[in-house]
2 protein chains.
Amino acid sequence: MIAEIVAVGSEMLTPFRQDTNSLYLTGQLNELGINVAFKTIVGDHRQQLASVAATALQRSNLVIFSGGLGPTEDDLTRECVAEALGLELKRDNDLVAAMYKRFAERRLSMPENNARQADIISGAQVLPNRRGTAVGQWLQRSQNEALQIVVLLPGPPHELQAMWEREVLSRLRGIAPPSAIATRVIKTAMLGESAVDARTAPIYKKYSNVQTTVLAGQGQVEFHLLATAMSKQEADEAVEKLASELQDELGDAVFSTSGESLEEIVGLYLQMRGAKLAVAESCTGGMVAERLTSVAGSSRYFLGGAVVYSNDLKTLFADVPPLLIEAHGAVSREVALALAENIRDICNADIGLGITGIAGPGGGTEEKPVGLVYTAVTDGQKHEVVERRFFGDRERIRRWASQQALDLVRRLMM
Amino acid sequence: MIAEIVAVGSEMLTPFRQDTNSLYLTGQLNELGINVAFKTIVGDHRQQLASVAATALQRSNLVIFSGGLGPTEDDLTRECVAEALGLELKRDNDLVAAMYKRFAERRLSMPENNARQADIISGAQVLPNRRGTAVGQWLQRSQNEALQIVVLLPGPPHELQAMWEREVLSRLRGIAPPSAIATRVIKTAMLGESAVDARTAPIYKKYSNVQTTVLAGQGQVEFHLLATAMSKQEADEAVEKLASELQDELGDAVFSTSGESLEEIVGLYLQMRGAKLAVAESCTGGMVAERLTSVAGSSRYFLGGAVVYSNDLKTLFADVPPLLIEAHGAVSREVALALAENIRDICNADIGLGITGIAGPGGGTEEKPVGLVYTAVTDGQKHEVVERRFFGDRERIRRWASQQALDLVRRLMM
């Protein structure tokens with residue numbers, strides 16, 4: 001089945017907005033065993049939209065349009081798709097009546113234009129919209145002796161997703177070739193993208209029945225596995241087999257196999273141990289605390305800490321002796337460890353974390369270049385200090401540093 | 001001129017990856033007065049890519065392909081575009097020789113496949129790639145008595161952007177219809193999107209010669225204005241006139257008209273005053289400090305502060321009396337102000353900022369619901385405490401709260 005997603009809306013042809021619905025739709029289609037072959041983005045322009053619709057209908061069996069279903073003159077998806085199909089639009093009087101009723105209930109008079117939203121392509125089924133006024137449409141027809149499906153969905157993501165789940169999914173399930181899928185996500189911390197890929201590509205390329213997508217962020221490489229097979233068992237076995245080979249190769253760099261973020265994993269470990277964490281961060285400037293507290297319920301294991309951006313605050317909040325800073329510099333193994341140890345003591349925490357480094361772009365020297373970061377962790381008995389040099393811009397260096405810090409806590413508890 | 005951007009690569013047809021090059025390319029084209037009519041995304045699939053290329057070449061005068069120029073069997077853009085154009089591919093022997101040389105210099109033998117990167121469409125100019133091995137191509141031809149331009153660019157953004165700036169821009173400038181553009185960005189803090197749009201739409205809709213895009217994030221609404229005219233003066237006047245009408249309407253909610261972020265503006269104000277800031281944050285958990293320190297050079301005006309997530313730390317780091325917390329609750333006007341005043345004193349800062357609230361999803365009560373946030377700022381003389389109720393998920397509430405906190409500092413210094 002050749003599937004195409006067409007996003008309609010001039011705002012997605014500006015430098016500021018992406019079509020994000022297609023990511024959701026692609027994920028949903030993949031779970032039905034359907035791959036997306038084309039994505040097209042076109043503006044609210046009658047001739048161009050009609051030409052895009054004609055092209056899509058000619059090359060794809062499943063065409064999903066999103067957007068352009070509102071009441072204004074700019075909303076042209078209905079007209080253009082009908083034209084490309086060579087079918088009439090018919091106004092659904094029941095829908096119009098329902099709209100009048102809704103407006104009347106709110107003591108508003110309905111703008112004339114609104115009735116356009118009740119224009120339905122001849123032969124199409126109406127897909128009710130519980131989160132907005134624009135209904136969707138579903139049309140099934142035979143084209144060149146094959147089944148063709150055309151779906152019109154509203155643009156706002158929460159309306160589109162609700163309509164998909166409630167109306168489209170079950171209809172598609174009845175039509176999509178019978179297949180089962182299995183997915184798995186393996187997340188690793190602190191490995192470089194190209195090094196990981198060199199190690200793992202020979203493994204995942206052997207599995208032609210599993211689609212592997214490698215995503216790399218700052219200090220994080222993720223493997224997204226998707227297997228499609230005739231039975232659920234077969235699909236499960238395929239991802240399982242590849243996943244375990246990958247995990248063997250990647251070892252303890254793997255921190256999650258069920259989708260959790262690193263901050264969630266650190267939280268789970270802390271909770272399991274009944275341990276409380278406190279943080280003293282310099283170059284990350286609050287990013288580690290922000291990531292930890294982005295997880296709901298983090299107050300159960302995260303006490304807080306200090307953003308000791310200036311040297312004075314390193315002394316004031318984390319008791320780092322000025323002489324230590326003078327002797328080794330604020331960016332040093334010694335100061336990182338002092339931050340971790342002292343913030344643990346001061347906050348009465350079980351685990352203390354300290355981070356100091358040079359995020360740049362200024363402040364680097366030959367001896368201590370931009371990107372040099374020391375992270376330290378301690379539980380009062382054992383401690384670990386890591387020296388790393390990260391590359392890239394300020395944001396990237398800080399992100400890598402926060403990842404390193406969280407990973408240190410994870411490894412301490414492993 | 002009808003412009004189309006075609007992104008080639010199967011990874012952009014997964015649920016995980018977007019085509020981001022087209023945002024950059026659209027911005028660049030807009031500055032030349034060229035609007036983008038179509039964006040298409042297609043995988044590394046010979047037949048599908050050839051069909052997309054044929055469609056694009058038939059409906060657009062300017063077609064920009066990105067991706068699919070590497071050395072592997074999957075890199076099919078050259079072949080498919082040549083086929084759609086009905087032109088031959090010719091191997092450029094000088095390019096091949098240069099590749100051999102580059103490999104030899106590194107004492108590597110060149111894989112045979114690499115020579116495919118020297119296959120040039122007949123009549124096309126080679127666009128050198130200073131950041132990678134895949135060269136780009138520029139083809140100009142007459143099609144239906146009109147000029148048609150076809151550009152092939154590499155997929156990695158840093159290669160594509162460098163090639164665009166060095167090779168494509170000047171070529172296009174010579175061809176694009178003479179026009180001048182002017183842009184302006186107006187950013188506002190702490191206004192709701194629909195309320196702002198209701199107030200401003202009647203204004204910007206009057207200006208048919210200025211394209212206005214309204215972007216809304218958490219606690220931030222931005223207006224991106226773009227005018228195209230025959231002269232720079234005319235374009236400038238158009239944006240200037242609309243911008244000043246918008247600013248009159250939006251008043252002091254406007255924090256920037258030259259693109260700065262709120263954290264940059266706060267930094268500029270602090271530097272202008274020679275003032276130092278310290279922060280005590282509870283529900284934002286470090287987000288305010290993280291945003292402030294994301295700006296290079298922020299150590300000149302930001303000292304740091306405390307993430308007082310637990311009540312104990314509110315007392316330990318910000319000297320909030322336990323009795324005050326008991327009397328009013330940790331989420332209260334009184335505690336917010338104590339956090340601001342005390343963190344200022346303790347850190348010896350000029351300005352203190354305190355934030356306390358309920359980010360949710362748990363922890364809310366009827367009296368103090370999820371989303372309730374108190375922010376306080378003081379410079380030792382005057383102070384301000386704001387009570388707000390934010391809606392949405394944890395991330396959204398925290399983001400609004402951090403925006404409110406930064407905006408309070410800005411307003412204190414206005």
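Trainee: Which residue follows α4(B), and is its phi positive or negative?

Mentor: Arg107(B) follows α4(B), and its phi is positive, near 55°. Helices here are DSSP runs of H or I with at least four residues, strands are E runs of at least two, and both are numbered from the N terminus. Note that this is a predicted model: local features need pLDDT of at least 70, side-chain atom pairs count only at pLDDT 80 or more, and totals for chains, interfaces and linings use all residues. Residues count from 1 along each chain as its sequence is written; chains are lettered from A and ligands numbered from 1, in the order in which they are written.

Trainee: How many Å should helix α4 of chain B span?

Mentor: The expected span is 1.5 Å times one less than the number of residues. Helix α4(B) covers residues 93-105, so its 13 residues should span 18 Å. Its end C-alpha atoms are 18 Å apart, which agrees.

Trainee: How do I read the relation between the chains?

Mentor: Two copies of a chain are related by a rotation about an axis and a shift along it. Here chain A goes onto chain B by a turn of 180° and a shift of 0.2 Å along the axis, with an RMSD of 0.3 Å. That is the relation of a two-fold axis.

Trainee: Which residues form the contact?

Mentor: Residues are in contact if their C-beta atoms, placed from the backbone, lie within 7 Å. Chain A gives 54 residues and chain B gives 54 residues. In chain A, strand β2 (residues 36-42) gives the most to the side touching chain B, with 7 residues. The same surface serves both copies: 100% of the contact residues of chain A recur in chain B.

Trainee: What sheet order results?

Mentor: The open sheet has 12 strands with mixed pairing, in the order β6(A)-β7(A)-β8(A)-β3(A)-β1(A)-β2(A)-β2(B)-β1(B)-β3(B)-β8(B)-β7(B)-β6(B). β6 (125-127) of chain A and β6 (125-127) of chain B stand at the edges, each with a single partner strand, so one side of each is left without a neighbour in the sheet.

Conventions. Two residues are in contact if their C-beta atoms, placed from the backbone, lie within 7 Å. Copies are superposed by least squares on the C-alpha atoms of residues with pLDDT of at least 70 in both. Two strands pair if DSSP finds at least two bridges between them.
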